[in-house]
Amino acid sequence: MEKIIIHFGSDSDFSKLIENVDSYYTIGDVIKHISKETIAIEGASKHFEAPLDVENLIIYTDDYGGIKEWAILGVSNNIFENPRIQIKNLFLNNPPKKFYDDVKKTYPDIISESTSDRPSLDLEILKGIASDYSNIVIGQPNVLRRLLPALYSLVNPQRKKPITILFLGDSGVGKTETAKFINSKFGGEMLRIQFSMQQTGEAYKYIFGGEHGEDSFAQELIRRESNVILLDEFDKVNSLFYNAFYQMFDEGLFVDKNYSVNVERCIIICTSNYKSAEEAEKCLGSPIFSRFSKVIRFDEISIEDKLKIAAKNYNVLYAQLSGEDQKLIERNVVLNTFLEAIRRGYYKNMRTLKNDIEDALNIEVLKARGILTSDTTAGE
């Protein structure tokens with residue numbers, strides 16, 4: 001073997017790294033060739049097959065799951081040095097610990113490593129957040145006043161520890177929207193983990209690491225495109241798992257069975273439905289609560305701001321309709337209907353409001369096209 005390139009980071013960055021590699025084999029191709037049986041014919045002289053010439057072997061993050069445990073434990077001897085193949089260049093993306101350690105031990109002199117270079121917070125990004133936030137997330141001026149000082153700590157290039165922020169408040173008041181907005185200033189897809197989904201027996205393996213080929217929190221962290229990480233509904237995960245995040249919050253390092261992931265200088269946002277910091281500390285427990293850099297409560301949205309949100313959502317959704325559909329319903333009363341509903345005290349959840357406006361517009365279009373009739377919608 002002549003060259004080994006090991007990349008830790010996003011799949012898109014690894015794809016750029018290997019974009020000039022014209023032809024390559026996958027690990028599945030190689031294992032299939034190694035496992036292929038040769039048929040001996042009685043009385044015939046033995047035939048020694050020449051080794052498969054593999055100029056480039058590329059192993060993607062998802063490929064390790066196809067390698068058996070016995071092969072992982074001695075991958076260099078079991079696969080790369082197998083006499084039935086001859087590898088020239090090896091490209092690895094996010095190898096698990098056992099795999100990585102074996103390769104480093106066997107080929108110490110021909111390895112080069114790279115990591116994804118994700119944008120970090122600077123003054124220009126911070127200014128963009130300050131100037132645009134209130135136009136995107138309506139009705140939460142207090143959030144911006146508390147958010148900016150917390151984020152400013154990351155402007156200092158000497159700071160390595162991540163910023164960890166706990167958002168409190170009811171559903172649909174702008175918590176997730178705020179995280180998405182912050183990420184929009186960095187670019188790249190935000191890593192969003194729905195912790196309400198981690199309620200089964202598989203949750204332990206997901207958080208602490210299972211077999212090397214299984215999906216895990218660490219694997220998603222290492223593949224992230226952005227340094228903005230959203231742990232949605234953090235209050236829904238079993239409290240027994242919170243100790244897995246202590247080192248991540250304190251030092252910017254998340255470690256499980258298969259990976260050690262650097263999350264220094266990240267913005268880690270955890271959302272919850274707690275009403276106050278006191279309630280959050282009581283339910284989460286002081287050990288994890290004390291590790292948050294900032295706790296920010298989202299206020300209930302005023303009637304005036306709800307009216308602004310309704311008008312904004314309506315304009316966005318109406319603009320997304322085709323020109324033909326817009327002409328069909330250009331005199332619709334959808335917006336006025338929802339404005340009146342808000343004035344009457346309906347709609348605490350702004351996410352529900354947006355969904356209902358979209359549904360109402362679609363109903364108007366279907367009526368105009370004669371697909372829905374008064375009889376069809378009666379009783380709604």
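A residue counts as buried here when its relative accessible area is under 20%. Keep that cut-off at hand for this tour. The model in your viewer is a predicted one.

**Stop 1: a pair of phenylalanines**

Select Phe 195 and Phe 234. Their rings form an edge-to-face aromatic pair, 5.9 Å centre to centre, with 90 degrees between the planes. Now colour the chain by sequence position. Phe 195 sits in the loop between strand 7 (191-194) and helix 9 (202-208), while Phe 234 belongs to the loop between strand 8 (228-232) and helix 11 (246-251); the pair links distant parts of the chain, 39 residues apart.

**Stop 2: a second pair**

Next, select Phe 217 and Phe 245. This aromatic pair is edge-to-face too, at 5.7 Å centre to centre and 70 degrees between the planes. Phe 217 is in helix 10 (residues 217-222) and Phe 245 is in the loop between strand 8 and helix 11, so the pair ties together parts 28 residues apart in sequence.

Across the model, the count comes to 24 aromatic pairs.

**Stop 3: a glutamine in helix 10**

Stay with helix 10 and pick Gln 219, which is part of that helix. With 5% relative accessibility, Gln 219 counts as buried. Which residues does Gln 219 touch, leaving out those up to four places away in sequence? They are Thr 61, Asp 62, Glu 214 and Tyr 259.

**Stop 4**

Move on to helix 14 (residues 303-320) and helix 16 (residues 334-343). They pack at an angle of about 160 degrees, and their axes are 10 Å apart. That angle makes helix 14 roughly antiparallel to helix 16. The crossing of the two is right-handed. To see the contact, show side chains for Ile 303, Lys 306, Leu 307, Ala 310, Ala 311 and Tyr 314 on helix 14, and for Val 334, Leu 335, Leu 339, Ile 342 and Arg 343 on helix 16. By class, this contact of helix 14 with helix 16 has nine nonpolar residues, no polar ones and two charged ones.

Helix 14 passes helix 17 in a right-handed crossing. On the helix 14 side, look for Lys 306, Ile 309, Ala 310, Asn 313, Tyr 314, Leu 317 and Tyr 318; on the helix 17 side, for Met 350, Leu 353, Lys 354, Ile 357, Glu 358 and Leu 361. The contact of helix 14 with helix 17 divides into nine nonpolar, one polar and three charged residues.

**Stop 5: helices 6 and 7**

Now select helix 6 (residues 123-136) and helix 7 (residues 141-152), whose axes come within 11 Å and cross at roughly 175 degrees. Helix 6 and helix 7 are therefore roughly antiparallel to each other. Helix 6 contributes Leu 123, Leu 126, Ile 129, Ala 130, Tyr 133 and Ser 134 to the contact, and helix 7 contributes Val 143, Leu 144, Leu 148, Leu 151 and Tyr 152. Of the residues in this contact, ten are nonpolar, one is polar and none is charged.

**Stop 6**

Select Ser 293, in the loop between helix 13 (286-289) and strand 12 (294-297). Ser 293 is partly exposed, with a relative accessible area of 35%. Its C-alpha atom is separated by 5.8 Å from that of Ile 165, 128 residues apart along the chain.

Then find Asn 94, in the loop between strand 4 (85-93) and helix 5 (97-106). Asn 94 is not a glycine, but it has a positive phi of about 55 degrees. At 0% relative accessibility, Asn 94 counts as buried.

Finish at Arg 265, in the loop between strand 10 (260-262) and strand 11 (267-271). Its phi is positive, near 60 degrees, in a residue other than glycine. Arg 265 is buried, with a relative accessible area of 14%.

Conventions: Residues are numbered from 1 along each chain as its sequence is written. This is a predicted model: local features need pLDDT of at least 70, side-chain atom pairs count only at pLDDT 80 or more; totals for chains, interfaces and linings use all residues. Side-chain values use heavy atoms; hydrogens and water are left out. Axes are lines fitted to C-alpha atoms, for helices over the stretch in contact, and angles run from 0 to 180 degrees between N-to-C directions. Helices (H or I, at least four residues) and strands (E, at least two) are DSSP runs, numbered from the N terminus. Angles under 35 degrees count as roughly parallel, over 145 as roughly antiparallel, 65 to 115 as roughly perpendicular and the rest as oblique. A crossing is left-handed if the near helix is turned anticlockwise from the far one by less than a right angle, and right-handed if clockwise. Contact means heavy atoms within 4.5 Å. Ala, Val, Leu, Ile, Met, Phe, Trp, Tyr, Cys and Pro count as nonpolar, Asp, Glu, Lys and Arg as charged, and the others, Gly among them, as polar. Rings of Phe, Tyr and Trp (its six-membered ring) pair if their centres lie within 6.5 Å; planes under 30 degrees apart count as stacked, over 60 as edge-to-face and the rest as tilted. Buried means under 20% relative accessible area, exposed over 50%, partly exposed in between (1.4 Å probe, protein chains only).
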